[in-house]
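Dear colleague,

I am handing over the structure that is shown just below, together with some notes for a first reading. Please keep it open while you go through them.

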Amino acid sequence: MKKAFSHLPDSELDIMLVLWSNEPPMSRLEIEQIINQKKPLASTTILTLLSRLEKKQFVSVKKEGKVNFYTPLISREEYQQNESKSILEKLYGNSLKKFVAALYQGKQMDQEDIRELSEFLDEIEKE
């Protein structure tokens, strides 16, 4: 049974993206250096965000000396699946057709996107 978890605010998601994109475990300083390339955040803010993620059971913390190291407990793929399902249910009434139509009508899909989607659906149909 998959574990249920909550939607993350952008600030916490930014931390998780760093952890998912790098080799964990990572220290707060390593995370901070990467985050600050995108947008500067105070060390205390990053510590607060990491603490929230630990309470939500998105990360584990291991103390080595005076340094805490953070490891994701939920994979990027698990989070993406959970978020995708949630958006599809809440905004599109579980209709994949409505979701794809919204993308297309918003001119966010080009012919290459449509071809890839068609090939993907063909693969699913064969399974």
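Does E89 count as buried, partly exposed or exposed? At 39% relative accessibility, E89 counts as partly exposed, where buried means under 20% relative accessible area, exposed means over 50%, and partly exposed lies in between, with a 1.4 Å probe and protein chains only.

Before going further, please note that this is a predicted model, in which local features need pLDDT of at least 70 and side-chain atom pairs count only at pLDDT 80 or more, while totals for chains, interfaces and linings use all residues. Residues are numbered from 1 along each chain as its sequence is written, and side-chain values use heavy atoms, with hydrogens and water left out.

Salt bridges

The structure holds nine salt bridges, a salt bridge being a side-chain nitrogen of Lys or Arg within 4 Å of a carboxyl oxygen of Asp or Glu. One of them joins K85 to E89, with the closest N and O atoms 4.0 Å apart. Both residues lie in helix α4 (residues 76–92), four residues apart, which is about one turn of the helix; here helices (H or I, at least four residues) and strands (E, at least two) are DSSP runs, numbered from the N terminus. K85 is exposed, with a relative accessible area of 52%.

Another salt bridge links D14 with K39, and its closest N and O atoms are 3.3 Å apart. D14 belongs to helix α1 (residues 10–21), whereas K39 sits in the loop between α2 (28–38) and α3 (43–55), so the pair ties together parts that are 25 residues apart in sequence. D14 counts as buried at 13% relative accessibility, while K39 is partly exposed, with a relative accessible area of 33%.

A further salt bridge runs between R115 and E119, whose closest N and O atoms are 2.4 Å apart. These two residues are four residues apart in helix α6 (residues 111–126), so about one helical turn separates R115 and E119. R115 counts as partly exposed at 37% relative accessibility, and E119 is also partly exposed, with a relative accessible area of 39%.

An open sheet of three strands has the order β1-β3-β2, with antiparallel pairing, where two strands pair if DSSP finds at least two bridges between them. Its edge strands are β1 (26–27) and β2 (59–64), each of which pairs on one side only. Between β2 and strand β3 (residues 67–72) the antiparallel pairing extends over six bridges, and within it K63 stands opposite N68. α1 packs on the sheet, where it touches β1, β2 and β3, and its direction makes about 85 degrees with that of β3; axes are lines fitted to C-alpha atoms, for helices over the stretch in contact, and angles run from 0 to 180 degrees between N-to-C directions. α3 packs on the sheet as well, touching β2 and β3, with a direction that makes about 120 degrees with that of β2.

On the other pairing, β1 and β3 run antiparallel over two bridges, and the bridge partner of M26 in β3 is Y70. The strands β2 and β3 form a hairpin with two residues between them, and G65 in the turn has a positive phi of about 65 degrees.

I35 lies in helix α2 and is buried, with a relative accessible area of 6%. Leaving aside its neighbours within four places in sequence, I35 is in contact (heavy atoms within 4.5 Å) with D14, I15, V18, L41 and I46. I35 and V18 are 17 residues apart in sequence, yet their C-alpha atoms are 7.3 Å apart in space.

F120 has its place in helix α6 and is partly exposed, with a relative accessible area of 47%.
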